[in-house]
Amino acid sequence: MKIFLAPMVGRTDKYFRRLVRIISSNIIMFTEMITVDSLIRGNIRNYTVDKSEHPVVAQIAGNDSKKFAECAEILTTSDFDEINLNIGCPSAKVVKGGFGACQIVDPYSVAKFVESIKSSTDLPVSIKTRLGLGFDQSLEDIKKFIKLTSEAGCKTFYIHARNAILNGLSTRKNRSVPPLRYDDVMKLKEIYPHLDIYINGGIVDLEDLKKLLKIYGGVMLGRKIYDDPMFLNDIEKNIYSSNSKLSTYDIICRYIDQLDEEDSHNKLYALKHLVNLYKGTCYAKKWRKFLHSMINSDQPIQNIKNFDYRSNNEKREINCS
Ligand SMILES: Cc1cc2nc3c(=O)[nH]c(=O)nc-3n(C[C@H](O)[C@H](O)[C@H](O)COP(=O)(O)O)c2cc1C
């Protein structure tokens, strides 16, 4: 059973991935999306893989076969485990560039990109996409898309179970306004039983996650993990039967100990993803305030360990009154 950390720009950078890997050894992580142009220009700072990070999937976006092939070589050398094409981003900027969700209705080009990547690497190629475009809930476009791109060699699809609405809806609203349609992802699975079709979108509850894992074999979560990283601890214990005894404080210490000199000059980036660690406990507010003051102070990063906590009493959803 596979659980994936969804790609999230501004969130699933190397720092957040490092934190996630401390809490969960089982989750498969995605990078933030990077465009092929940006990757080729050498903007790979956040696209290198720590040894401890695997398995990690690089997500790229673009509309040029040659550039995809070039990126495939770069990502293979950088030691990623899979290359994922973003065919689901609804952002106006991305669509203006001719890539992202608008490519759902251009399956012949995307099939060429898949072939081009496959000619440059032995890494598996996958696609993250949505169920369709606009308000049309017919599955004809996505069926054709999956047929052609799978024939070109893509065997794994991560489906955000809603449409993308490209005109008049912000990127953020595109993650909540178009209705979730898990049943339609199921239909795609039934049509293409030989492919791995994994589900994504709106999953925030452990029991729902368990049910969906049984049906789909793989589930991708984004916001829930960012907003409450210790949910990964629940996943590890309840789904993978891990017996990690790390408290939230232990996780913070381990994270801080992994930071180097350069990271400590990059304090905001290195620390900001820790903000939700105490979510659901009575330390949440105190921790956020403390972290904020540390980020804005000249104190050494190691002083984060001075956070006044009571690890033995630390429980999720403590009633503090
Ligand atoms: C801040 C943010 C940035 C995102 N960036 C990307 C991205 O780079 N690539 C992508 O395919 N999806 C991106 N997404 C969409 C997520 O991967 C995911 O499909 C979406 O949030 C639905 O899953 P969730 O309900 O579990 O969060 C982003 C989502 C958020 C909240």
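Q: What makes the contact between E207 and K210 a salt bridge?
A: In this predicted model, the closest N and O atoms of E207 and K210 are 3.5 Å apart. A salt bridge needs a side-chain nitrogen of Lys or Arg within 4 Å of a carboxyl oxygen of Asp or Glu, so the pair E207 and K210 counts as one.

Q: Why are E207 and K210 separated by about one helical turn?
A: Because E207 and K210 are three residues apart in helix α8.

Q: Why is E207 called partly exposed?
A: The relative accessibility of E207 is 45%. Buried means under 20% and exposed means over 50%, so E207 falls in between and is partly exposed. K210, at 28%, is partly exposed as well.

Q: Why is Y216 called buried?
A: Y216 lies in helix α8, residues 206–216. Its relative accessible area is 5%. The cut-off for buried is under 20%, so Y216 is buried.

Q: How far from I197 is Y216, in sequence and in space?
A: Y216 and I197 are 19 residues apart in sequence, and their C-alpha atoms are 7.0 Å apart.

Q: What makes K147 and E151 a salt bridge?
A: The closest N and O atoms of K147 and E151 are 2.9 Å apart. The limit is within 4 Å, so the pair K147 and E151 qualifies. Both residues lie in helix α6 (residues 140–151), four residues apart, about one turn of the helix.

Q: Which accessibility class does each of K147 and E151 belong to, and why?
A: K147 has 41% relative accessibility and counts as partly exposed. E151 has 54%; exposed means over 50%, so E151 is exposed.

Q: How do you know that the salt bridge of E53 and R17 links distant parts of the chain?
A: The side chains of E53 and R17 meet at 2.3 Å, N to O. E53 is in the loop between α2 (36–40) and β3 (56–61), whereas R17 is in helix α1 (residues 14–23), 36 residues apart. E53 and R17 are both buried.

Q: What makes strand β6 mostly covered?
A: Five of the five residues of β6 (residues 156–160) are buried. T156, Y158 and H160 are buried on one side, and F157 and I159 on the other.

Q: How is β6 joined to strand β5?
A: Five bridges join β5 (residues 125–130) to β6, and the two strands run parallel. T129 stands opposite I159 in β6.

Q: Why is K289 called exposed?
A: K289, in helix α14 (residues 284–295), has a relative accessible area of 65%. The cut-off is over 50%, so K289 is exposed. A positive surface patch is formed by K289 with K279, K285 and R288.

Technical notes: Residues are numbered from 1 along each chain as its sequence is written. This is a predicted model: local features need pLDDT of at least 70, side-chain atom pairs count only at pLDDT 80 or more; totals for chains, interfaces and linings use all residues. Side-chain values use heavy atoms; hydrogens and water are left out. Patches are made of residues with over 30% relative accessible area and no salt bridge: like charges are joined within 9 Å, nonpolar side chains (Val, Leu, Ile, Met, Phe, Trp, Tyr) within 5 Å. Accessible areas come from the Shrake-Rupley method with a 1.4 Å probe; for residues, only the protein chains shown count as cover. Lys and Arg count as positive and Asp and Glu as negative; His and the chain ends are not counted. The place of a charge is taken as NZ of Lys, CZ of Arg, CG of Asp or CD of Glu. Buried means under 20% relative accessible area, exposed over 50%, partly exposed in between (1.4 Å probe, protein chains only). Two strands pair if DSSP finds at least two bridges between them.
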